[in-house]
Amino acid sequence: MGHNSATYIHTVTEALKLGLADRDRYYGDPNFVKIPTRELLSKDYAALRRTLIEKQRASLAQQPGDPTHMKPVLASAVQKLGHPSTTPENERANDTTCVNVIDKDGNLFSATPSGAWLPAVVAGDTGVLMGQRLQSALTDSNSPNVVAPGKRPRITLTPTIVLHNGEPFMTLSTPGGDNQDQALIQVLLNIIEFGMNPQQAVEAPRFDTQHYISSFDDHQFLPGSLNIESRVDARTIAELKARGHILTVQEPWGTLSAPTVIVYNPANGVASAGADPRRGRYAVAW
């Protein structure tokens, strides 16, 4: 397909929409809901879901699958309707950070601290902000992520460790809310499929969809939405519009995510890192 070609961006975006639809339909606190994890992760189920991707047309439907009965679409799914956010800008979810570490022996660590951003309630005179991740729960009684006493909300945090043939290979994470999975899969593909070094991988132009039930603020669903940085070729952007994507062209470095990544070569012990310049990210070695 070629890196960031119209076909590549379209295909990755449509696959993300299907994955996020399953997230919205099935993911919740496993102490409260039964998640068909094995089926969701099976290659047979992925093959069924893949048939829903139309090569020349962007989907505007939210299409969760039926992993329990191994069917590509859940027959009882109810279509969500999109609406613009009514939450004031200064009250929206903000902010998260990330840290990825590797030691001389190849041990990998990844974390995505989050959930105590301003404005917030401070615990007495401690200066410690109370966490705000409960806002990621929904009030929709049909959702596995509906709020309930003692129930943990679904979260977006995506610290990631990658192994290759059982050996340490990569650690990566990012802030960015619902953009986290989307950014990390692009960085992962940039390194594995396109041979980029870690810094090239995090600096490359990115895109993200908002075709999901948002984990924050007023939980809006924006069918067909696609944010794309203006560094992507103008002809590619035009072709994506022709395929039906509802595009927002961002500033050249405008995406909200900002990963750091470390790649490790167990054969020679060399570690290489990349830090996204879109936000305050750093790579340090000693």
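Me: What makes arginine 278 and aspartate 276 a salt bridge?

Reply: Their side chains meet at 2.9 Å, N to O. A salt bridge is a side-chain nitrogen of Lys or Arg within 4 Å of a carboxyl oxygen of Asp or Glu, so the pair qualifies. Arginine 278 and aspartate 276 are both buried. Salt bridges with shared partners link Arg206, Glu229, Arg231, Asp276 and Arg278 into one network. By this rule the count comes to 14 salt bridges.

Me: Before we go on, what kind of model is this, and what do the values rest on?

Reply: The model is predicted: local features need pLDDT of at least 70 and side-chain atom pairs count only at pLDDT 80 or more, while totals for chains, interfaces and linings use all residues. Residues are numbered from 1 along each chain as its sequence is written, and side-chain values use heavy atoms, leaving out hydrogens and water.

Me: Why is arginine 243 called buried?

Reply: Buried means under 20% relative accessible area, exposed over 50%, and partly exposed in between (1.4 Å probe, protein chains only). Arginine 243 has 4% relative accessibility, so it counts as buried. Its salt-bridge partner is glutamate 239, at 2.6 Å from N to O. Glutamate 239 has a relative accessible area of 35%, so it is partly exposed.

Me: How do you know that aspartate 105 and lysine 104 are exposed?

Reply: Aspartate 105 is exposed because its relative accessible area is 53%, and lysine 104 is exposed because its value is 74%. The side chains of these two also meet in a salt bridge, at 3.4 Å from N to O.

Me: And what makes aspartate 29 and arginine 152 a polar contact?

Reply: Their side chains are joined at 2.9 Å. A polar contact is a pair of N or O atoms within 3.5 Å; within protein, one must be able to donate a hydrogen and the other to accept it, and residues adjacent in sequence count only if both atoms are side-chain atoms. Aspartate 29 is placed in the loop between helix H1 (6-26) and helix H2 (37-40); helices (H or I, at least four residues) and strands (E, at least two) are DSSP runs, numbered from the N terminus. With a relative accessible area of 4%, aspartate 29 is therefore buried. Leaving aside residues up to four places away in sequence, aspartate 29 touches Gly150, Lys151 and Arg152, where contact means heavy atoms within 4.5 Å.

Me: Why is proline 119 called exposed?

Reply: Its relative accessibility is 52%, so proline 119 counts as exposed. Proline 119 is in the loop between strand E2 (108-111) and strand E3 (160-164).

Me: How do you know that E8 pairs with E4 and with E9?

Reply: Two strands pair if DSSP finds at least two bridges between them. Four bridges join strand E4 (residues 167-173) to E8, and six join E8 to strand E9 (residues 270-275). Both pairings run antiparallel. E8 and E9 form a hairpin with four residues between them, and glycine 269 in the turn has a positive phi of about 75 degrees.

Me: What makes strand E8 mostly covered?

Reply: Five of the six residues in E8 (residues 260-265) are buried.
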